[in-house]
Amino acid sequence: MTVITETPRLIIRQFTLDDAPAVLHFNTPEQVSLYTGDAGMCTTLTDAENIIANIWLVEYQQYGFGRWAVVLKQTNTVIGFCGFKNETRINAIDIGYRLHPDYWGISLATEANLACIAYAKEHMSLDLVYADVVDANSGSINVATKLGMTFHSQFQRDEFTFNRYVMLLSGN
């Protein structure tokens with residue numbers, strides 16, 4: 001298990017296959033995938049194992065980064081993911097997160113992703129990062145702006161209207 005960074009409340013680390021039950025748990029509530037476009041993609045333990053093995057672990061090897069586990073220090077519980085993804089749909093780096101609803105509204109998404117940004121500035125060679133947020137998702141819009149991201153554009157994909165936010169990491 002590789003720890004990426006820590007905050008006062010969180011450990012940000014790479015996922016392992018042992019995290020599959022937690023991945024299933026934070027993906028299961030319906031409201032979690034309401035604005036993500038991947039509803040129904042993680043409904044079994046096998047789905048969670050496949051996401052870890054075939055996406056996140058592969059991305060760590062291929063790019064040196066991917067979505068990382070968000071671990072609540074107080075309980076040592078994986079409560080979601082955060083971090084970067086080489087998003088082939090936009091040919092750019094995306095920053096994102098997903099937390100179980102029990103942990104919404106207490107600034108953990110902001111805390112986790114601010115730590116990721118600080119880590120990236122120090123240890124990664126990323127220039128620009130983007131965040132695509134469904135325009136109806138005011139919570140995630142607030143997170144993007146708290147991260148210091150600025151509105152870039154708006155676009156339609158499937159049934160959603162997205163706001164694209166951007167942040168320059170190099171030179172900061």
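This is a predicted model: local features need pLDDT of at least 70, side-chain atom pairs count only at pLDDT 80 or more; totals for chains, interfaces and linings use all residues.

Student: In which element is leucine 57 found?
Tutor: Helices (H or I, at least four residues) and strands (E, at least two) are DSSP runs, numbered from the N terminus. By that numbering, leucine 57 belongs to helix α2.

Student: Which residues does leucine 57 contact, leaving aside its neighbours within four places in sequence?
Tutor: Contact means heavy atoms within 4.5 Å. With sequence neighbours within four places set aside, the contacts of leucine 57 are Phe15, Leu17 and Ile52.

Student: How many helices and strands does the chain have?
Tutor: Read from the N terminus, the order of elements is β-β-α-α-β-β-β-α-β-α-β-β. Counted by kind, the chain has four helices and eight strands.

Student: What is the radius of gyration of the chain?
Tutor: This radius is taken over C-alpha atoms, and the globule rule is 2.2 Å times the number of residues to the power 0.38. For 172 residues the rule gives 16 Å, and the chain comes close to that, so it is as compact as a globular protein of that length. The C-alpha trace spans about 40 × 35 × 30 Å along its principal axes. The radius of gyration is 15 Å.

Student: What percentage of the contacts with a separation of 6 or more joins residues 24 or more positions apart?
Tutor: Buried residues make up 47% of the chain. Among contacts with a separation of 6 or more, residues 24 or more positions apart account for 59%.

Student: Which residues of α1 are buried?
Tutor: Helix α1 is mostly covered, with six of its eight residues buried. The cover over these buried residues includes α2 (45–63), β4 and β5. The buried residues are Ala20, Ala22, Val23, Leu24, Phe26 and Asn27.

Student: Which residues does leucine 24 touch, not counting those up to four places away in sequence?
Tutor: Leucine 24 lies in helix α1, which covers residues 20–27. Its C-alpha atom is 22 Å from that of arginine 9, 15 residues away along the chain. Apart from residues up to four places away in sequence, leucine 24 touches Cys42, Thr43, Thr44, Leu45 and Ala48.

Student: Which residues does threonine 110 touch, not counting those up to four places away in sequence?
Tutor: Threonine 110 sits in helix α3. Its relative accessibility is 9%, so it counts as buried. Not counting residues up to four places away in sequence, the residues it touches are Val143, Lys146 and Leu147.

Student: How far apart are the C-alpha atoms of glycine 105 and glycine 139?
Tutor: Glycine 105 is in the loop between β5 and α3. At 82% relative accessibility, glycine 105 counts as exposed. Although glycine 139 is 34 residues away along the chain, the two C-alpha atoms are separated by 8.1 Å.

Student: What is the phi of serine 107?
Tutor: Serine 107 lies in the loop between β5 (92–99) and α3 (108–123). At 41% relative accessibility, serine 107 is partly exposed. Serine 107 is not a glycine, yet its phi is positive, at about 65°.

Student: What is the phi of aspartate 158 near?
Tutor: Aspartate 158 occupies the loop between β7 (150–157) and β8 (160–168). Its relative accessible area is 66%, so it is exposed. This residue other than glycine has a positive phi, near 55°.

Notes: Residues are numbered from 1 along each chain as its sequence is written. Side-chain values use heavy atoms; hydrogens and water are left out. Buried means under 20% relative accessible area, exposed over 50%, partly exposed in between (1.4 Å probe, protein chains only).
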